[in-house]
Amino acid sequence: MKEDKQHIAFLKPLVTLLGFLSVFTITVSAQEINGNGIDDDGDCQTDCDDMLFSIQSHWQSNGMDAGFVIGQNDFLSNTSGTSPTKFTRPNDIAVDPTTNKVFVSDAANNRVLRYANYHDFLYEKQAESVLGQVDFVTNVSSTSSSGFNSPVGIFVDHNGVLWVCDYDNNRVLRFDDAANKIIGASADGVLGQVNFTNGLSGIGVNRLNQPVDVVVDTSGTLYVADQYNGRVLRFDNAASLSNGDNAAAVIGAPNFTDNGSAVTQTNLTYPTGIELICNTLYISDIWADRILAWENPAVLANGAPADRVLGQIDFISSSGGTAANKLRDPRYMTKDSKNNLYVSDAGNNRVLVFYKPNTLANGSSADLVLGQNSFTANAGGLSVDQLTSPRGILVHDEGARTFVNVVDRLNNRIMVFGHYNYQVSETNSLVDFLPMSYLNNVGGVVFSLLTQPSRGVVTLTNSVSGAFQYQAPSNPCLYDEDYSVTFVYQISNAVGCSVVGEIEIEVLEAQGCIEDCTNGTDDDFNGFIDVEDPMCDNDGDGVVNGQDIDLDNDGVVNVKEQYMYGGLGFCLNTITSVLLFEDFGVGVRGESAYIPMCFEHGGGSGVTCSSHYDSNTYSASVDWGEYCLVKNSFLADQGVYNWDYTIGMGSVAGGRFAIVNGGNENQVVYERLIDGLVIGVRLKVDLKFKNLSPVGSNLAKPKFHFEYWSESGVLLFTSSTITPAEDGVWHGGGSGNYICAESKIVFKMVLEAAALPGNDLAFDKLNVFQKYVDCDNDGVPNIYDLDNDNDGITNIVEQGNPDADGSGTTDNVNGDGSLMNDANNNGADDAYEGQVLLDTDGDHLRDMFDLDSDNDGIYDVLEAGGADPDYDGIIGAGAFVDADGDGLSSIVDADDSGVPLLNKDSDTDGIDDAKEIDSDNDGCFDVQEAGFPDTDNNGLLGVGATGTGLNVNGQGVVTP
């Protein structure tokens, strides 16, 4: 009984017909006074926290959708598993108030998972450590100091001590400094058993029978729900107790030797969950479908009566039901920062929320339900708003948002509610009201904005109603991705109370933002201009560049235009397209890159360096599997100074580079999605790398390779292994054997496993690129060039194919207006897709690159009837002019108002003059008619099968 001037309880005992002692409580409460720092009305809430004055951000609503799911890839999956990202029948969740690390009891996997912080738990969804197992893939049960047998309820106290109910080992384990325990660490203490190897159940002052939940108050008093003994045990100063020490008191049973198991005001039947709210202990009693509350539990005598009950109208009723004031199989409980009570009502597949539970009368109704859309529904399910037999609950404040984390046991997942967010297309604005509900606005409320989103603008259009508008960036193509933004707002009332809320908006990428292929501008802001853009359809064939194997529709696929074959047929002129250049010199990871590394004085992606360092003034160590970016550093275990390869090589000293201490398994040390690849062009990689082992150490040399994966997870290519030839020396090199078959890949650099000491690698200046061949050096790569040797004769004609309009593209495209014959929709006309490149004169230079295709000493341009006043084999005289950039001279390009150079066949025998050594079929070779020597009378300039002389300019021109 609580007795003071503000809150007086009058007790009147009555004997019921059943002979049970019943208690009616009549409460007279004072009015809360705002601003005096006192809980005037005794409801455990002070001043602005009291609902009389408070304003509450309405992030919760009946049946609301979850914002996140942990343990599954989506809201429609419920597979179990043993990995850092999966659960099998999870049971409870807790957060360490000292470090913000999250713990989850994964009961059927006999382990407790630990996450680096709440943010990583929410977004990365991957545990950093595990207790109860030696790794993330085993799940054996054990009765030892480092094992579990179905761990269930967990709690982390204000000193960072983790308490675990080891259900089938009939004990509670204590882990001191749990945030820093290594994988598989041993417990520091045990209650319920005299040592770590006993696991039998029992009843008594120091025994347990399947304990299911624990809670610790701020003074270190531990309460344990001893399920099958029908009681709750209290252990004072629990962290200082020796193994197997006695409990100080028992609640729910008359003494330490009798089992409770009765539906009365003093007994429990089957306690499964406990929570402390402002010096009141709440215990869920599932066989009686109720929750009992005991005030001042730390001083209660054994078998003391409960003060209040929820779920039933009195202390002797036990009927379950589905209503706002009923329960069915209630399990775990928790509280939020305002001391509201959350209950997992497992039999009804829902979570109930009771506001101000310490002020509620017996049998009061809940205020909110999650997992069901009303208080009368109770079906379990697998969706974004359903639960199936929920267990543990954690209410966690992260910044200005509150998240309710519910362990959805039978769906092998954790549902996270309270992620209040909107969704909008970047081409539209969002208009709505900021969420808010309040019990007493005390003179009205006023909304204000505290922050703006990182992209776009929020406008508060009505400060009283909270009406607002969000406008995405004005250019709908500014960001080629879906992205999220947040902003913070505040609500204040007339008595000075306020609440801060945060809104997240998911902005969906607008479709239809297309690159203009002719204006030299990156119109869709994806980093590519005009013909380089994979989403652009440069040749107008209906197949975008990123999927087009013939980018200029000249009838020759990219891969054939890109590489000639041996001998005289190799072009040295190239244009480089850099797709990725990772320079760690400024200590910043590349945009959109995944690098599992720590950065100086900052965190990485789920991997923690043993130490950070930025100078060579002291030593540090990087353990197996750890990564860092460093600058001018000294590592004690390698003994190497000044590793940055730029030092002493003409670059500024002090640049950073990546290091990794290789372990005994393959490690991805760099990963990035690369877009804008051209199909048919070879992908090359170059970087600087170094073996970190000291010279002469004879330690295992690091070995690494590159992998290219499709976005769907298919391995496309694995490079050969690269190994530094010498210890302690920077090397340069890479790989380039993959001809791209897709426009987008996931690039990975993999450090290979080594079972021996060593395997330590440094790397920097990671460069991924493609080189486009440009044989005629006109600035237009062959793959986009309609005339690869600038002789005025289009490639398609030099391949012996028709080009009636002289456009340089296949007649089925942009010629007669008909659709291209492209049954496989790959951007190449099926009629020419497999065509062999012609080499009429056999000089190893294909005709489309050869200025004299028949080696008769007369340039093709002249034999085709074109003008070549300076006699260099290139159409026209002087500088080459190509107004529209398609590689075809404006002189013969109809798109530039030129006159096309059409096929010329003087003797009408079906062979172009440029490919025929007697083009007029008069019995006299063209070379002789031109007055050039042809000693062996074979129609070729000079002597021999291909004529005498050298291909001096790489363009198929011979000289006698």
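# Reading strands, charges and cores

Modeller: Strands here are DSSP runs (E, at least two residues), numbered from the N terminus. This is a predicted model: local features need pLDDT of at least 70, and side-chain atom pairs count only at pLDDT 80 or more, while totals for chains, interfaces and linings use all residues. Residues are numbered from 1 along each chain as its sequence is written, and side-chain values use heavy atoms, with hydrogens and water left out.

Colleague: How many bridges join S32 to S33?

Modeller: First the idea. Strands of a sheet pair through backbone hydrogen bonds, either parallel or antiparallel. Two strands count as paired if DSSP finds at least two bridges between them. Now the case. Strand S32 (residues 457-462) and strand S33 (residues 467-471) run antiparallel and are joined by five bridges. Their hairpin has four residues between the strands, and Gly-466 there takes a positive phi near 85°.

Colleague: Which strands form an open sheet of four, and in what order?

Modeller: The order is S9-S10-S11-S12, with antiparallel pairing. S9 (151-156) and S12 (189-191) stand at the edges; each has a single partner strand, so one side of each is left without a neighbour in the sheet. On average, neighbouring strands of this sheet are turned by 20° against each other, direction ignored. For such angles, axes are lines fitted to C-alpha atoms, for helices over the stretch in contact, and values run from 0 to 180 degrees between N-to-C directions. Look at S10 (residues 162-166) and S11 (residues 171-175): five bridges pair them in the antiparallel sense. Trp-163 has Arg-174 in S11 as its bridge partner.

Colleague: Which residues touch the most other members of the largest nonpolar core?

Modeller: Start with two terms. Buried means under 20% relative accessible area, exposed means over 50%, and partly exposed lies in between (1.4 Å probe, protein chains only). A nonpolar core is a set of buried Ala, Val, Leu, Ile, Met, Phe, Trp, Tyr and Cys residues joined through side-chain atoms within 4.5 Å. The largest core has 43 residues, and Trp-163, Leu-222, Val-232, Phe-235 and Leu-281 touch the most other members. Take Leu-222. Leaving aside neighbours within four places in sequence, Leu-222 is in contact (heavy atoms within 4.5 Å) with residues including Trp-163, Leu-191, Val-214, Leu-233 and Phe-235. Another core lies apart from the largest one; it has 28 residues, among them Leu-579, Leu-677, Phe-704 and Cys-740.

Colleague: How many salt bridges does the structure hold?

Modeller: The general idea: side chains of opposite charge can pair when their charged atoms come close. A salt bridge is a side-chain nitrogen of Lys or Arg within 4 Å of a carboxyl oxygen of Asp or Glu. The structure holds 14. In one of them, Arg-111 meets Asp-106 at 2.9 Å, N to O. Arg-111 is buried at 0% relative accessibility. Asp-106 is buried as well, at 0%.

Colleague: Are the partners Asp-236 and Arg-234 buried or partly exposed?

Modeller: The closest N and O atoms of this salt bridge are 3.0 Å apart. Asp-236 is partly exposed at 30%, whereas Arg-234 is buried at 7%.

Colleague: Which pair links distant parts of the chain?

Modeller: Asp-675 forms a salt bridge with Lys-744, the closest N and O atoms being 3.8 Å apart. Asp-675 sits in strand S40 (residues 667-675) and Lys-744 in strand S45, 69 residues apart. Asp-675 is partly exposed at 23%. Lys-744 is partly exposed at 26%. Elsewhere, salt bridges that share partners join Lys-101, Arg-114 and Glu-128 into one network.

Colleague: Which charged residue is buried yet has no salt bridge?

Modeller: Lys and Arg count as positive, Asp and Glu as negative; His and the chain ends are not counted. Lys-748 is the case: buried, without a salt bridge, and 4.3 Å from Glu-671, the nearest side chain of opposite charge. Lys-748 lies in strand S45 (residues 744-751). Not counting residues up to four places away in sequence, Lys-748 touches Val-668, Tyr-670, Glu-671, His-705, Phe-706, Glu-707 and Trp-709.

Colleague: Where is Asn-412 found?

Modeller: Asn-412 is in the loop between strand S26 (401-408) and strand S27 (413-417). Asn-412 has a positive phi of about 55° although it is not a glycine. Asn-412 is buried at 3%. Now Arg-89: its phi is positive too, near 55°. Arg-89 lies in the loop between strand S4 (68-70) and strand S5 (90-95), and is partly exposed at 30%.
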